[in-house]
Amino acid sequence: MKGPAAPVVVGVDGSSSALEAVRWAAEDCTRHHAPLRLVHGYLLPARGYPEVVLTSTEVRHAIETQARAWLDEAAEAARAAALGIEVTTHVATCGAAALLIEESREARLMVLGSQGLGGVTGLLVGSTALALASHGQCPLVVVRGTTHPEGPVVVGVDGSPTSEAAVAFAFEAASMRGVSLTAVMSWDNLMIGSDYDASQFTFSWDHVEEEEQRLLAQRLAGWQEKYPDVRVDRVVLRDRPVRALMRFGEQAQLLVVGSHGHGGFAGMLLGSTSQALVYHAPCPLAIVRP
């Protein structure tokens with residue numbers, strides 16, 4: 001993660017979902033003593049207005065005026081949610097995904113709402129969030145569902161070194177919020193396509209569970225030493241990853257996953273598991289690249 005001076009950046013498009021993201025980000029800025037940067041990107045429509053009546057300059061002015069009004073509204077909401085934070089705004093003539101990916105180079109954290117207005121704003125969470133999660137240079141939070149202020153931070157662990165960044169992010173988040181951390185390893189899918197799969201009637205599931213418990217403990221050990229204030233609940237269960245994480249996320253204040261993994265979390269952000277979490281996670285979702 002970047003230094004303390006790096007901003008939290010929020011994509012704003014005038015939707016109520018974006019305002020929720022702004023409020024969430026403003027509170028996070030307070031915890032980390034970080035500035036908040038609100039951005040909006042737009043593309044001029046190639047067609048859809050009568051050229052004999054409106055010029056491209058007039059269209060650009062109208063769209064930019066609307067964008068600045070949305071940003072002003074978002075800045076007001078941010079200052080109301082977190083008094084005293086530094087807030088800046090920025091409008092750019094480019095697509096939302098391209099703008100946010102560029103902004104992520106200097107950001108500590110990127111934040112999006114779960115829905116958008118669509119049209120020229122392009123901040124529909126699906127393609128924009130997945131593009132940002134795949135190509136951005138910092139963690140991404142999609143603010144959706146219900147946040148439980150007293151609930152734990154939940155992190156999906158797949159046992160691979162690439163999930164280390166997600167675990168680190170989750171420990172810091174739990175420590176900053178003063179809550180416990182629930183580390184979830186789902187091991188049903190770890191068998192699919194493996195040697196276990198071909199011999200599923202001859203090996204002991206108890207043995208597999210013991211091995212996964214050992215692996216999870218190893219992945220968490222160093223971070224538990226770094227964050228002794230965080231109580232950790234380790235959960236190893238035989239279940240599909242998305243189903244397990246959504247279940248534990250129902251009482252969480254933040255759900256954290258890595259952007260890539262293996263086994264049960266294979267292809268995170270590339271397949272159905274990641275898309276299900278982006279669209280259906282029951283609480284704010286953090287996606288952390290290695």
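Modeller: Let's start with a term: a salt bridge is a side-chain nitrogen of Lys or Arg within 4 Å of a carboxyl oxygen of Asp or Glu. Asp-28, Arg-31, Arg-108 and Arg-177 are linked in a network of such bridges. This is a predicted model, where local features need pLDDT of at least 70 and side-chain atom pairs count only at pLDDT 80 or more, while totals for chains, interfaces and linings use all residues. Residues are numbered from 1 along each chain as its sequence is written, and side-chain values use heavy atoms, leaving out hydrogens and water.

Biologist: What makes Arg-177 and Asp-28 a salt bridge?

Modeller: Their closest N and O atoms are 3.6 Å apart, and the cut-off is within 4 Å. Arg-177 lies in helix 5 (residues 164-177) and Asp-28 in helix 1, so the pair ties together parts that are 149 residues apart in sequence. Helices here are DSSP runs (H or I, at least four residues), numbered from the N terminus.

Biologist: Why is Asp-28 called buried?

Modeller: Buried means under 20% relative accessible area, exposed over 50%, and partly exposed in between (1.4 Å probe, protein chains only). Asp-28 has 3% relative accessibility, so Asp-28 counts as buried. Arg-177, at 16%, also counts as buried.

Biologist: And why does Glu-102 count as partly exposed?

Modeller: Its relative accessibility is 49%, so Glu-102 falls in the in-between class. Its salt-bridge partner is Arg-105, with the closest N and O atoms 3.2 Å apart.

Biologist: How do you know that Arg-243 is exposed?

Modeller: Arg-243 has a relative accessible area of 52%, so it passes the over 50% mark. Arg-243 meets Asp-239 in a salt bridge (2.6 Å, N to O), and Asp-239, at 7%, is buried.

Terms used
Helix = DSSP H or I, 4+ residues; strand = E, 2+ residues; numbered from the N terminus.
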